[in-house]
Amino acid sequence: MRPDLEIIQQWIEPESRVLDLGCGNGTLLNYLKSTKQVRGIGLEIDEENIQRCIQNGVNVIEQNLDQGLSNFQSGSFETVLLAQTLQALSNPDRLIDEMLRIGERGIVTFPNFGNWKSRLYLATKGRMPISKFMPHQWYDTPNIHFCTVKDFDALCKTKNIHVLTRTVVDSQHQGSWAVKSWPNFLGEIAIYHITKG
Amino acid sequence: MSITLPEDSVGIVEPQQFHFDEPLSLRSGKVLPAYDIVFETYGELNTKKSNAILICHALSGDHHAAGYHNGDTKKPGWWDSCIGAGKAIDTNLFFVVCMNNLGGCGGSTGPASKDPETGKYFGPDFPVLTVRDWVKSQVMLMDRLEIPKWAAVVGGSLGGMQALRWAISYPERMAHAICIAAAPKLSAQNIAFNEVARQSITSDPDFHQGYYLEHGTYPKQGLTLARMVGHITYLSDSAMRAKFGKTVSDFETEKTNFGRDLRSGKLSFGFDVDFQVESYLHYQGERFSENFDANTYLLMTKALDYFDPSVDFEGDLSKAFLNSDCKFMLVSFTTDWRFPPERSRELVNDLLKAGKEVTYLEVEADQGHDAFLLPIPRYISAFRSYLCRVHEEICQDAP
């Protein structure tokens, strides 16, 4: 399992209702279903991922996140997940509002653009960073809204979002003391557990 | 002479028939005192009786969903593309049941049957049935077959509506509802097309107020017209262009294909058939009229028009699903303008509102409403995978 998912799953209560926005092939929901008897629903637009979800026995709905989540009732899920999808949304801020309307808690993970590698890449090459985690060229990338840990902290503050836990991990997905001390510089993936303030 | 049937076919099948003496109270207030149900089954019922799937047919369907009838090895059942060994509804895993709905003309009691009390054809005196009544009769068949619970109730179009009604009325007797190319209820446009079809039939001089069988005739012209109109609503504009635009002339490339192939190569400057599409519709309509009962057509379209499970729940369909503890799979097709994806999404949203477990796919397909009957790869893979999950659940439940 993807290491950010490994961390996320610790925050999910057994038998709770989980909505996974951009659920990919359903790995996490499948895991949560079998280990925690979670009642999960995933939203996805990629045909292959949807097929894999069905094969994994995961409930999946073909729905484009950019068209909103108005079809979901307020407070209808305990947790709403947004794993590595934030940066690909047209209106990430609005979607976060929606997450916290629909769920009691939200979990957001994203690649930290403030990581030293991105900074170094941009500083030395003067070009948009390309790496294992961000393999696309600037013109064909689905990731249209990159942000840094500091940016997201600021957004949470503006929106009066309460951050329950903020975990930042490096490429080995380890949160060493150094990464904890300089999250926006050393962290590669940011993982936020949030709720309404 | 022996004929080889495809390997994944369920082979030669024989319809079965049960007689029921228990009166069936109908939504209209009328009672059907006794009736026959004709049905077919494919695959084997396991010892736990937990692997049964009910297939519900649409407007013009019947109990012959898969395989071949003796003497007719050319044309398989209406959903043969999906039912068979290794197909989406895998008869190696499931015991599949499909019945001809009451009021139909495939052998179950309907307007073309004789009323045992009078010895005359029921004709227009046969009561108007609703989806709810059909589901009730499907429960009777299920009990007679000693099936405690369906692994899944499956249907497309009007069949999908039956699957929904099952989930509302008998959720404890099914594990999954699979509802393809359906809608929560018909729109004015849907009803309007049905009314044109009904008017075509009832205004045919051979209709005789529905007593045409007593007169030794049938409203061929009316039924043909009804089917022609219906058939147009099953196809999409793009499907028709492709189907009737096989001749690519200097003026028409594949990109600019309007589907205007001529029947005889030139215009007639008369009012007869000029284009292939016209001739096709005539052929389809006529062939249908020879095999279908006009009163049944009227009844089926009314059942469609009347379908609206939300009426018992202050118009809020999500409330209808509150007790439905089965799981749901819904599929729609992008070019279906009879029951477009928006209509399936309405259903999905009501199911989500009711807190149900739902899987929903919007399949890119050119074939319009008819797509649900066709082997479209993405649809079939998803359908098969979903049913594999259903089967895994059965195996897990077994002690």
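## A tour of two chains

Welcome! Start by selecting residues 131–144 and 158–169 of chain B, which are helices H1(B) and H2(B). The axes of these two helices come within 9 Å and cross at roughly 70°. Angles of 65 to 115 degrees count as roughly perpendicular, so H1(B) and H2(B) are roughly perpendicular to each other. Keep in mind as you look around that this is a predicted model.

Now show the side chains where the helices meet. From H1(B), pick Val131(B), Arg132(B), Trp134(B) and Val135(B). Their partners on H2(B) are Met161(B), Gln162(B), Arg165(B), Trp166(B) and Ser169(B). Colour them by class and you will find 5 nonpolar, 2 polar and 2 charged residues in this contact.

**Zoom out to chain B**

A compact globule of 399 residues would have a radius of gyration near 21 Å, and chain B agrees because its own value is 21 Å. Buried residues make up 50% of the chain. Look, too, at how the chain meets itself: of the contacts in chain B with a separation of 6 or more, 70% are between residues 24 or more positions apart.

**Into the core**

Which residues have the most contacts inside the largest nonpolar core? Select Ile53(B) and Ala177(B) to see them; the core they belong to has 160 residues. In soluble globular proteins, nonpolar side chains tend to be buried together. Stay on Ile53(B) and bring up its contacts beyond four places in sequence: Ile89(B), Phe94(B), Val96(B), Trp150(B), Ala151(B), Ala152(B) and Val154(B).

**Where the chains meet**

Next, show both chains together. Here 16 residues of chain A are in contact with 17 residues of chain B. On the chain A side, select strand E2 (39–44), helix H3 (47–55) and strand E3 (60–62), the elements that each give two or more residues. Which element gives the most? That is H3(A), with 5 residues. By class, this side of chain A divides into 6 nonpolar, 7 polar and 3 charged residues.

**Last stop: a covered helix**

Finish with helix H4 of chain A, residues 92–102. Its buried residues are Pro92(A), Leu95(A), Ile96(A), Glu98(A), Met99(A), Leu100(A) and Ile102(A). What covers them? Strands of chain A, including E1 (17–21), E4 (77–83), E5 (103–111), E6 (161–169) and E7 (189–196).

Note on methods:
Residues numbered from 1 in each chain as written. Chains lettered and ligands numbered in written order. Predicted model: local features only at pLDDT ≥ 70, side-chain atom pairs only at ≥ 80, totals over all residues. Axes fitted to C-alpha atoms, helices over the stretch in contact; angles between N-to-C directions. Helix = DSSP H or I, 4+ residues; strand = E, 2+ residues; numbered from the N terminus. Parallel < 35°, antiparallel > 145°, perpendicular 65-115°, else oblique. Contact = placed C-beta atoms within 7 Å. Nonpolar A, V, L, I, M, F, W, Y, C, P; charged D, E, K, R; others polar. Rg over C-alpha atoms; globule rule 2.2 N^0.38 Å. Buried ≥ 20, exposed ≤ 12 C-beta atoms within 10 Å, placed from the backbone. Core = buried A, V, L, I, M, F, W, Y, C linked by C-beta atoms within 7 Å.
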